[in-house]
Amino acid sequence: MKGKKLIIAAAALAALLVLGTIFLIRNTMRIDDYTAAYKEAAAVFLDAEAATVTISKKLETSFENQIFYEDSTQVLAFDGMGTSNPRGYLTETTAIGSQRVEITENYTGGSVYFTINGSNFLTKIEYKDYFSRFVPIVLLDADLYQCVTGEQDEAGFIITFSQPTAAEGWAVESGATLVNAQGTAYLDRTGALIKSAYAITYKKGNMTFRKTVTASPTLTSSVTDSPVDEALYTEINYLDGPKLLERVSGYLMQARTVSASYSDTGYFQAFGDRRQQNIAINVFAYEPWSVSVGTSVSLTNDGKIGQIDTSRKKEIFSDGIYTVSNNADDPVADSQVTEAEMLRYYRNLLISTVMLPQYITQADILEEGGVLHVDFSGSETFAQLISSNVCKIMYQDENLLIDLAQSSTVDKLTYALKLDALTGLPLASAIKFQGTYTIGGVPYSLQFTADQTYDFVGY
């Protein structure tokens with residue numbers, strides 16, 4: 001009886017092996033023409049009405065001794081493409097140096113409702129313009145490569161595209177010089193596209209860009225609707241304005257060789273006081289790594305014509321040693337100040353004129369002569385923050401106006417940002433604020449301006 005059972009078990013196992021072999025044969029294809037196989041697999045997604053794609057991007061921008069890093073992972077789902085009601089939903093996590101950005105976007109009815117690090121915005125935008133912001137669901141154009149080779153493994157097929165005649169159009173800016181590029185497509189056993197990857201190095205001027213992108217698409221039936229309460233969103237004209245602010249902060253926090261010139265002016269009409277500050281920042285990543293910060297502060301009063309009270313301070317960190325001199329005094333060393341503290345110090349100065357997305361009430365953009373001009377309007381909360389800071393600096397009392405003023409109005413509050421259109425590196429930033437505060441029935445003006453320019457040495 002035991003032998004009979006063994007014979008039956010062996011027969012069953014043999015039958016399973018035969019069925020498994022038949023299954024593999026039916027669900028595995030042989031590829032003789034890898035280019036044709038790839039084009040057939042890609043065509044499934046090119047005109048897809050609904051799909052989900054996971055996109056990973058890494059960008060390294062370098063020049064001289066500077067390198068800036070940006071990594072992101074996006075999951076984009078869309079449906080209704082080619083219909084009157086295209087929709088999309090995005091989740092994104094981006095790391096720009098140490099800066100982390102969390103974004104969700106919901107595109108529906110010709111508008112995108114998006115949240116960036118907890119702040120909600122709304123922008124009206126045509127669906128073609130919206131979806132063109134992303135890399136294509138199919139990364140590679142097989143006709144751009146002189147060599148297409150393939151191999152098979154247990155998961156399917158790996159197709160490699162090399163010797164490009166040109167860069168993929170979505171991956172580079174106009175006027176760029178291609179250094180090298182290569183693409184890879186992954187097909188499963190049935191010949192379906194499951195992932196594509198693209199790596200490219202290109203130059204423009206003395207800048208070198210290294211970019212790697214992967215896209216893993218799947219066909220889907222529809223996007224799950226997410227209810228939107230429009231009252232919770234601030235409408236702005238420029239969709240990517242809030243993210244630009246986060247990117248600028250991330251790039252400035254990575255800067256190891258940079259010069260910056262900062263100036264601010266605060267004026268309170270009620271007391272006639274004016275405070276002007278100028279700061280020169282120079283950071284060099286050469287050996288030894290060094291930082292110098294020169295600060296000048298001038299105080300004047302409307303009632304004291306011609307009288308100026310000026311103080312100066314020079315701080316230097318070089319070869320691991322920090323020294324400070326005040327006015328005409330000799331430099332004094334302070335061994336308690338470390339390199340990590342100097343890093344935080346100058347980085348905070350660099351980003352001090354970068355507005356936080358949570359204060360945005362409007363954003364617009366204009367490109368001119370290779371420069372992006374991004375203009376923002378700020379909220380009343382931002383105005384309150386500025387006025388409190390001015391009072392804290394000038395009078396050591398951040399609640400001064402809260403205690404004195406019976407009423408107040410914001411007359412002007414703008415923030416302007418200039419960036420290099422090619423790299424996204426900041427060139428200049430500026431804050432302008434003017435408010436009117438009524439004290440004892442009399443209106444008084446409080447004014448504050450801050451400007452900063454950036455020069456990335458070697459660029």
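User: What should I know about the model and its numbering before I start?

Analyst: The model is predicted, so local features need pLDDT of at least 70 and side-chain atom pairs count only at pLDDT 80 or more, while totals for chains, interfaces and linings use all residues. Residues are numbered from 1 along each chain as its sequence is written, and side-chain values use heavy atoms, with hydrogens and water left out.

User: Which residues of its lining are closest to the centre of the largest pocket?

Analyst: The lining has 43 residues, and K57, R133, E173, D240 and R247 are the closest to the centre. α4 (241-254) is one of the elements that give two or more residues, and α4 gives the most, with five. Helices (H or I, at least four residues) and strands (E, at least two) are DSSP runs, numbered from the N terminus. By class the lining has 22 nonpolar, eight polar and 13 charged residues; Ala, Val, Leu, Ile, Met, Phe, Trp, Tyr, Cys and Pro count as nonpolar, Asp, Glu, Lys and Arg as charged, and the others, Gly among them, as polar.

User: How many cavities of 30 Å³ or more are there?

Analyst: The search finds one, and the largest cavity has about 60 Å³ of space. Its lining consists of D264, T265, G266, R275, V390, I393, M394 and F448. Two elements, β13 (258-268) and α6 (380-395), each give two or more of these residues.

User: Which residues touch the most other members of the largest nonpolar core?

Analyst: A nonpolar core is a set of buried Ala, Val, Leu, Ile, Met, Phe, Trp, Tyr and Cys residues joined through side-chain atoms within 4.5 Å. Buried means under 20% relative accessible area, exposed over 50%, and partly exposed in between (1.4 Å probe, protein chains only). In the largest core, of 112 residues, they are Y38, Y130, L187, Y198, F376 and F456.

User: How is a ring pair read?

Analyst: A pair of aromatic rings is described by the distance of the centres and the angle of the planes. Rings of Phe, Tyr and Trp (its six-membered ring) pair if their centres lie within 6.5 Å; planes under 30 degrees apart count as stacked, over 60 as edge-to-face and the rest as tilted. The structure holds 21 such pairs. Y113 and Y233 are edge-to-face, 5.4 Å centre to centre with 80° between the planes. Y113 lies in β5 (111-116) and Y233 in the loop between β11 (207-219) and β12 (234-235), so the pair ties together parts 120 residues apart in sequence. Both Y113 and Y233 are buried.

User: Where is N117, and what is its phi?

Analyst: Most residues other than glycine have a negative phi. N117 has a positive phi, near 45°, and is found in the loop between β5 and β6 (119-124).

Definitions and conventions
On a 1 Å grid over the protein atoms alone, a cavity is a set of points where a 1.4 Å probe fits but cannot get out, and a pocket is an open set with protein on both sides within 12 Å along at least five of seven lines; lining residues have an atom within 4 Å of a point. Grid points are joined across faces, edges and corners, and a volume is the space filled by probe spheres set on the points.
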